[in-house]
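Subject: Structure handover

Dear colleague,

Please find the structure below, followed by notes on what was found in it.

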Amino acid sequence: MRMWFVCRFCCPAAQSNSNPEWEAKVLEYFKGQLREKESHSWVPSLNDVPLHYLKPNSLVKFRCLVQDMFDPEFYMGVYETVDPSTKANVLRCGKYKDVTECGVDLNSRNTVTAERQTFYCVPIPGESPWAKEISFLSAARVVPSTSYVPSRQKRSYEEDDDDMDTQPQKQREPHTEPHGNGDSKRQETEAPSSQTTAPSDCSSHLDLNFPLPGERGPACLVKVYEGLDSFKLNDTLEIYGILSVNPVLTVLGEEKDPSLLLLNPTESMETPEEQRAHDPPASLVPRLHMLYARPLQHNNPLLPSAPTEDQSAFVSSFLVEMASVRAELLAYLTHVLLGDGLAAEYLLLHLISNVYTRRDVLPLGKFTLNLSGCPLNSYTERLYQIVQQLVPCSYRLSMSLHTMNSMRLVPKKDYVANRLVSGALQLARNTSLFLDETQLEQGQLDSSGVRNITALGNLISWQKVDYDFSYHQMEFPCNINVLVTSEGRSLLPSDCQVPLQPQVTPPNMEEYLTTIHMAQFTSQINKFRVYLSLARTLDYSISDEVTKAVEDDFVDMRKDDPQSVTAEDLHRMLVVARLLSLSLGQTTLSRDGWMRAKHIDMLRRSRTEQQKSLNGNEP
Amino acid sequence: MSSPTSTPGRRKRNRDDIPATPKSTRRRGQDSSNGDLRAMPTSPATDIASPAVHDTSLFSSPRRSVLPSEVDMSSPLMYGTPSSRVEARQRPDLGSIRKAPQVDLHSEPPSADGAVASEQALGQKLVIWGTDVNVGTCKEKFQRFLQRFIDPTSNEDENAGLDLNEPLYMQKLEEISVVGEPVLNVNCSHVQSFDADLYRQLISYPQEVIPTFDMAVNELFFERFPDSILEHQIQVRPYNALKTRNMRSLNPEDIDQMITISGMVIRTSQLIPEMQEAFFQCQVCAFSTCVEVDRGRIAEPAVCRNCNTTHSLALIHNRSAFSDKQMIKVQESPDDMPAGQTPHTTIVYAHNDLVDKVQPGDRINITGIYRAVPMRENPRQSNVKSVYKTHIDVIHFRKTDEKRLHGLDEDSDQKLFTEERVQILKELASKPDVYDRLSSALAPSIYEHEDIKKGILLQLFGGTRKDFSQTGRGNFRAEVNILLCGDPGTSKSQLLQYVFNLVPRGQYTSGKGSSAVGLTAYVMKDPETKQLVLQTGALVLSDNGICCIDEFDKMSDSTRSVLHEVMEQQTLSIAKAGIICQLNARTSVLAAANPVESQWNPKKTTIENIQLPHTLLSRFDLIFLMLDPQDEAYDRRLAHHLVALYYQSEEQIEEEFLDMAVLKDYIAYARTYINPRLNEEASQALIEAYVDMRKIGSGRGMVSAYPRQLESLIRLAEAHAKVRFSDKVETIDVEEAKRLHREALKQSATDPRTGFVDISIITTGMSATARKRKEEVAQALKKMIQSKGKTPAMKYQQLFDDLRGQSEAAITKDMFEEALRALADEDYLTVTGKTVRLL
């Protein structure tokens with residue numbers, strides 16, 4: 001409340017002096033305020049609160065992905081205008097604003113030109129419903145601070161208020177009902193937001209350029225003033241900024257006098273497509289003037305997001321629990337994978353994998369899993385739904401011939417509209433990409449299909465996507481967990497293939513999986529969610545002693561049969577060992593950990609070999 | 001300083017106007033100022049009229065002008081009054097659309113105007129309002145520059161054929177008088193080295209200084225060549241402003257300054273006719289008047305000054321003056337941008353004869369004036385968007401890849417190295433172990449394979465380009481081609497990826513996914529213009545770079561065959577859809593191939609293992625095998641290396657290895673500046689090496705080296721000299737080339753049956769022993785047939801069985817057939833179906 005107040009007045013304060021010092025002070029003030037405990041939760045979030053409930057020119061936050069970066073623009077940092085009441089010349093500040101007030105004296109020598117850049121931001125693609133819902137609930141507390149409170153939201157605030165402040169991860173504990181109930185609640189709160197999207201339906205020509213099909217939520221044009229170089233495409237950010245939805249923006253955009261086109265060069269620069277992409281109506285794509293942005297390590301609302309003291313406290317408290325949570329999660333996954341404990345172990349390792357560094361072109365830490373031998377008939381779909389319940393970001397790409405041939409996976413620059421047309425592979429870091437190869441049937445891939453498959457292969461092998469800039473390609477590194485489900489071995493490369501060996505064959509698969517899912521309490525699921533996100537962020541090292549042991553081991557293994565273990569196998573085993581240790585909450589590799597890693601890899605390999613001999617024609 | 005003078009003199013669109021002498025120019029200027037059809041502009045103009053300004057009062061710039069104050073006001077060189085600065089032709093690129101000072105960068109104290117008036121008495125010299133440019137001095141300086149500037153070290157292609165010891169620009173003026181193209185391109189770095197102050201003025205106030213330059217040139221030109229007839233007056237087009245920036249670093253301070261940026265054209269608009277002067281005629285009395293278009297708007301005269309009728313003037317379109325204009329969108333070149341961001345684009349306006357000079361896809365350097373225009377003010381709206389639109393008015397285009405289709409383009413590639421950088425590189429080069437250092441810095445994540453890395457390092461540097469076209473042999477290939485073959489999973493692809501990421505013009509393709517068309521070039525019909533467009537493929541795109549081809553063995557034969565030309569002649573010939581041309585493809589090829597049987601079979605030769613045509617194989621300078629060595633010490637080192645990879649922190653990694661950026665610069669520097677030549681000893685050593693190689697084989701009745709191998713040796717030796725930053729190829733270079741060549745040979749051209757190095761495996765696809773064996777079998781067969789007496793026809797199968805029974809060595813069917821074929825070649829017998837007939 002206090003901050004919101006300040007924000008409304010900080011700009012007029014600048015009128016008196018054009019000293020840039022105040023700008024730094026303003027930023028300092030906001031950063032300081034936001035650092036204060038809990039304060040960031042007072043700010044309404046554009047992700048959750050429908051746009052028309054938010055007051056223009058107020059401070060809002062937005063959790064988003066930088067989808068495109070537009071060209072820098074020059075604006076009037078300070079301009080001179082005539083005050084209509086006093087008739088005196090006044091200097092005004094143009095920072096954090098889209099539109100000037102009153103008539104501007106363009107010839108004034110006091111005009112200061114400054115530079116800013118616009119980012120086109122979209123909500124994090126593939127954000128799981130549960131992540132949205134929880135962050136909405138925690139944000140609901142803020143709504144009473146504005147006068148635009150819909151009664152329904154007030155109720156949800158009262159309902160969840162007591163247990164949320166202290167233990168966000170436990171907030172669902174009182175409700176022991178199965179998860180399905182949460183959905184109905186979400187729909188209720190979503191009702192007003194569907195109103196905001198209504199205008200977008202009537203002006204459906206406006207493509208909001210979301211990476212994934214079927215996404216919704218506000219896209220936003222974020223004006224960035226500071227630290228332009230520190231932002232990168234596909235960064236996930238939590239942006240705090242001033243909301244600008246001035247209807248004038250729309251009017252200025254729409255109003256076009258064709259007769260003036262010939263004479264005025266500035267108007268003819270832009271094609272209508274470009275106009276539409278860069279100046280969409282503010283009611284649909286609000287403008288956000290960034291005060292401060294925080295890069296997000298993860299978008300799991302159950303975890304403290306900033307690396308502060310309370311996070312380390314949170315981590316250390318959770319580490320104690322880690323082993324037990326792991327056991328529970330493993331049991332759960334084993335059930336899901338039809339009683340296959342080894343596959344469950346690998347799936348768990350896959351879910352916490354993360355590209356933690358790159359050595360020249362080699363991404364380290366990636367762990368693409370190929371689950372082969374999946375039962376057909378919607379099993380994979382169900383499996384995805386379960387994965388989706390566990391990770392904050394995910395997307396299932398059904399690799400049918402049609403989608404492979406028609407879908408745009410790789411983002412492409414559209415030079416006519418001057419924007420980057422998004423593709424399904426433009427994902428935030430640590431998104432789980434679920435490739436369902438069981439959907440693939442025999443047939444002809446056309447050239448775009450081949451390109452898509454190549455792009456997926458590149459993504460898996462090098463963790464990079466080559467964006468198509470028409471005249472050249474540009475490489476963007478990414479960090480995406482790819483899980484491939486297939487019948488036989490996948491046609492895509494993978495780090496590790498596990499043939500599924502079902503121990504149970506339930507007559508009705510759907511029912512079976514639903515029952516397993518229902519049997520989990522929400523509190524339990526929440527624990528899993530925290531576990532998976534947390535294990536990924538832990539540090540890891542190998543002591544010299546263990547290094548030596550691993551080396552000896554490798555030499556020994558090669559001595560027996562040099563063909564059996566290659567450098568590639570060692571690569572994989574080191575990754576498995578790393579993930580295995582982390583999954584147990586151990587931050588160093590122990591001898592024991594290494595032996596375990598070797599052991600499960602051996603089991604897996606014997607299983608693949610077995611599979612190979614079983615149906616010898618497999619490539 | 002964004003308060004430009006608007007030159008009030010009238011500008012006419014008159015391309016066909018031929019000014020005879022500079023005198024006439026001046027007279028014209030005076031005419032126009034006397035024929036006062038228009039009111040003088042308001043405040044700026046009054047300032048021009050009394051432009052004696054003491055510069056320090058106006059400018060916060062720390063540079064105080066050192067212009068001599070004894071300039072005589074009455075001197076004919078004095079061009080302080082604006083009316084005389086009129087050009088006889090229009091330069092919309094300099095902003096004939098007059099601009100009011102909207103964008104003020106340095107907030108000047110509002111008292112400046114007062115100061116001007118009060119200090120008028122103090123300053124004796126005249127400067128253009130808002131600048132510190134004194135027209136007379138400026139002109140004088142530029143004329144001096146034109147008359148005196150000599151650049152003996154120039155190697156620019158523009159100056160080809162000029163005498164470097166004579167004043168450069170005077171020769172160019174002479175050229176203009178001959179050719180009649182009235183454009184003088186001036187390299188700004190020349191101006192800078194001649195007169196730094198003039199250069200600063202040019203950069204800061206191009207809108208004022210360039211017309212002054214024009215004037216100076218024309219005066220000089222018509223003095224010297226009074227009889228020449230030009231289409232219009234000479235225009236000065238400066239280029240290569242040293243304040244060259246990439247697009248990303250443009251900021252508000254650059255507005256209205258001259259800049260040079262590089263980028264790629266992504267879109268060009270249609271031609272836009274832009275009105276320069278509106279012609280109005282009174283409907284009542286037919287009195288006509290002209291109004292200059294001001295910032296895109298025409299101030300329509302409300303009253304006819306002749307008959308005083310109001311609102312009687314009508315615009316006559318076909319008597320108004322228009323100029324050509326084109327909007328071009330330029331995107332920053334991929335090399336300039338930081339990783340992880342999207343490229344910026346800038347709008348560029350080309351005027352008059354610069355229209356249609358560039359096409360989408362061209363890489364160009366643009367010199368122009370950076371402009372910012374506020375969004376159109378709407379009289380009905382009090383609120384306006386507080387954003388400016390920026391663009392560049394182009395003065396000069398220079399295509400950087402213009403020469404790629406013919407001849408060298410070394411200079412356009414020139415990367416600017418700072419002094420310190422060069423120092424670092426030279427320091428590195430002087431270290432005795434630089435070769436080992438660099439090779440270990442290459443792909444540090446890939447373990448060992450030292451010789452292969454060394455080979456690739458030499459490939460990155462390349463040999464010296466030699467031109468024998470005068471003796472009829474054309475260009476010699478300077479690029480080194482390398483083939484890696486070996487077991488799957490020996491990080492071949494990773495090595496390729498690394499190289500692809502390292503070199504600026506690298507292309508990465510996979511044999512499986514590429515077609516001949518994709519590699520070479522194809523003709524496409526542009527859907528809009530219906531024009532045939534040549535689209536270049538990977539090989540042409542990697543001209544002067546490295547083309548990495550993965551899964552070389554999976555490539556179809558037809559695709560591979562296009563490589564023949566590229567890998568030796570370094571050109572690509574295309575004849576399709578009415579386009580016949582030869583493109584340069586001076587690319588090094590780095591290919592990786594898997595063995596046919598997926599695992600390398602040590603009992604077979606290279607050819608047999610990878611099944612590539614030997615014609616292609618012989619074009620590779622080095623063929624390396626990447627095999628699993630399978631010994632304990634190696635395993636241990638490998639394990640250590642890999643484990644370290646997984647736990648070392650970033651900093652440790654940095655310490656251990658050379659920075660990739662340094663390596664990049666090192667290679668770029670060496671490729672650009674170092675052109676080693678063979679010295680006497682080295683040539684001798686090469687000859688010896690070659691003779692030795694041939695000797696090895698001749699002892700056993702086979703040839704182990706061909707001239708192609710000698711060429712390879714020379715290239716490798718040159719590349720090694722480049723690594724040392726040495727201008728001479730010395731014996732040590734030859735030694736290393738020999739060693740590497742031998743290593744590669746040992747690995748790939750060893751005859752598995754004898755264990756000897758045998759180059760003929762690569763050149764003919766068959767080892768000498770195999771050839772000998774074939775002959776023996778044929779002889780044995782012949783003998784056997786002869787021993788059978790006079791049987792004119794024999795059964796094929798029986799003959800085969802007989803031969804097998806007779807011979808002590810196992811004879812396969814293949815060998816038997818080969819023997820038959822050999823005998824058939826001798827016209828001894830013929831084979832028809834299942835019978836063999838003697839002749």
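E345(A) and R326(A) are both buried in this predicted model (buried means under 20% relative accessible area, exposed over 50%, partly exposed in between, with a 1.4 Å probe and protein chains only). The two side chains form a salt bridge, with the closest N and O atoms 2.5 Å apart (a salt bridge is a side-chain nitrogen of Lys or Arg within 4 Å of a carboxyl oxygen of Asp or Glu). E345(A) lies in helix 11 of chain A and R326(A) in helix 10 (residues 309-336) of chain A, so the pair ties together parts that are 19 residues apart in sequence. Helices (H or I, at least four residues) and strands (E, at least two) are DSSP runs, numbered from the N terminus.

The conventions are these: the model is predicted, local features need pLDDT of at least 70, side-chain atom pairs count only at pLDDT 80 or more, and totals for chains, interfaces and linings use all residues. Residues are numbered from 1 along each chain as its sequence is written, chains are lettered from A and ligands numbered from 1 in the order in which they are written, and side-chain values use heavy atoms, with hydrogens and water left out.

Over all chains the structure holds 32 salt bridges. In one of them, D553(A) meets K598(A) at 2.8 Å, N to O. That pair links helix 17 (residues 544-560) of chain A, which holds D553(A), to helix 19 (residues 591-614) of chain A, which holds K598(A), and the two residues are 45 apart. D553(A) and K598(A) are both buried.

In chain B, K139(B) and E219(B) form a salt bridge with their closest N and O atoms 2.6 Å apart. K139(B) lies in helix 5 (residues 135-148) of chain B and E219(B) in helix 9 (residues 206-224) of chain B, so this pair ties together parts that are 80 residues apart in sequence. K139(B) is buried, as is E219(B). Back in chain A, salt bridges with shared partners join D569(A), R572(A), D601(A), R604(A) and R605(A) into one network.

Helix 13 (residues 450-461) and helix 22 (residues 660-673) of chain B pack at an angle of about 50°, their axes 9 Å apart. Axes are lines fitted to C-alpha atoms, for helices over the stretch in contact, and angles run from 0 to 180 degrees between N-to-C directions. The two helices are therefore oblique to each other (under 35 degrees counts as roughly parallel, over 145 as roughly antiparallel, 65 to 115 as roughly perpendicular and the rest as oblique). Q459(B), L460(B) and F461(B) of helix 13 make the contact with Y666(B), I667(B), A670(B) and R671(B) of helix 22 (contact means heavy atoms within 4.5 Å).

N47(A) sits in the loop between helix 2 (21-35) and strand 1 (59-82) of chain A. Its side chain reaches the backbone nitrogen of R63(A) at 2.7 Å.

As for chain B overall, there are 29 helices and 25 strands. Buried residues make up 53% of its 839 residues.

Regards

Terms used: A polar contact is a pair of N or O atoms within 3.5 Å; within protein, one must be able to donate a hydrogen and the other to accept it, and residues adjacent in sequence count only if both atoms are side-chain atoms.
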